[in-house]
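Welcome to this guided tour! Open your viewer, switch to a cartoon view, and follow along one selection at a time.

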Amino acid sequence: MPTATFNNLKPEKKQLVTQALLREFSAHPFADAQVARIVKDAGIARGAFYKYFADLADAYVYLYGVAMRDIHQHIDFQQASGYTAAGYLAYTEQFLASLADNPYRDLIRRHFTENEGALPIPTALNTPEKLAALPADEWAATILSHEVIRQIMLYPELKTKLLTKFTHTLHQLEGSHR
C-alpha cells in the first residue's frame with residue numbers, strides 16, 4: 001500500500017505518478033518493470049518513489065487496486081447483485097464492456113498473461129475468507145465469472161462461445177440452488 005506521503009500528495013502529482021505506473025506496468029511484465037523508467041516518466045526523484053511505495057510490487061498492487069475500483073464503479077451492482085444467473089451474467093458483461101476503451105485494458109491483459117502468478121492481488125471483495133463464506137452456488141458463480149473474464153481477455157475471439165457456456169452453467173447452478 002502506498003505510504004501516507006503518497007496519499008497526501010496533491011492530486012495532480014499523484015495522478016502523474018499513477019499514470020507513469022500505468023504506462024510502465026501496461027508496457028512491461030512485472031519482472032521487467034523498472035523504477036528508473038517510472039521516475040523519469042513521472043518527473044520525480046528515485047528517492048521519492050521509495051517514499052511513496054515500499055517497492056515495485058507495492059506500486060503494482062496499488063495500481064491494480066486503482067484499476068479495479070475505477071472499472072467497477074461503472075458497473076450497476078443493483079442489476080447484478082444477489083445470486084441469479086442473470087445477475088452474474090449482467091455483471092460479467094458490464095465488466096467486459098467497461099474494458100472496451102479503458103486505459104486499464106492493457107494492464108489487466110498483462111496481469112492475466114504475465115503477472116498474475118508472480119503477484120497475487122488481494123481484493124476487498126474476494127479475499128479467500130470472504131469467498132469461502134459464500135454459499136456454494138455463489139462461490140462457484142463468482143469464481144467462474146472471474147475466470148470467464150480472464151479467458152475472454154486472453155482469447156477475445158472466443159467471447160461469444162465463452163459467454164454462452166457461462167450462461168448455461170449459471171442456469172445449471174441456479175437450478176441446483178432452488
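Before selecting anything, a definition: helices (H or I, at least four residues) and strands (E, at least two) are DSSP runs, numbered from the N terminus. An axis here is a line fitted to C-alpha atoms, for helices over the stretch in contact, and angles run from 0 to 180 degrees between N-to-C directions. This is a predicted model, where local features need pLDDT of at least 70, side-chain atom pairs count only at pLDDT 80 or more, and totals for chains, interfaces and linings use all residues. Residues are numbered from 1 along each chain as its sequence is written, and side-chain values use heavy atoms, leaving out hydrogens and water.

**Stop 1: the whole protein.** Buried residues (under 20% relative accessible area; exposed is over 50%, partly exposed in between, with a 1.4 Å probe and protein chains only) make up 44% of the 178 residues.

**Stop 2: two crossing helices.** Select residues 56-72, helix α5, and residues 85-98, helix α7. Their axes come within 9 Å and cross at roughly 115°. That makes α5 roughly perpendicular to α7, since angles of 65 to 115 degrees count as roughly perpendicular, under 35 as roughly parallel, over 145 as roughly antiparallel and the rest as oblique.

Now show side chains. Which residues of α5 meet α7? Met68, Ile71 and His72 in α5 meet Tyr91, Phe95 and Ser98 in α7, where contact means heavy atoms within 4.5 Å. By class, this contact has 4 nonpolar, 2 polar and no charged residues. Here Ala, Val, Leu, Ile, Met, Phe, Trp, Tyr, Cys and Pro count as nonpolar, Asp, Glu, Lys and Arg as charged, and the others, Gly among them, as polar.

**Stop 3: Leu63.** Stay in α5 and pick Leu63. Is Leu63 buried or exposed? At 0% relative accessibility, Leu63 counts as buried. Beyond four places in sequence, Leu63 touches Thr18, Leu21, Leu22, Phe25, Tyr104 and Leu107.

**Stop 4: the core.** A nonpolar core is a set of buried Ala, Val, Leu, Ile, Met, Phe, Trp, Tyr and Cys residues joined through side-chain atoms within 4.5 Å. The largest one has 53 residues, and Leu21, Phe25, Phe49, Phe53, Tyr104 and Ile108 touch the most other members. α5 gives the most to this core, with 10 residues. Finish on Leu21, whose contacts include Ile38, Phe49 and Leu63.
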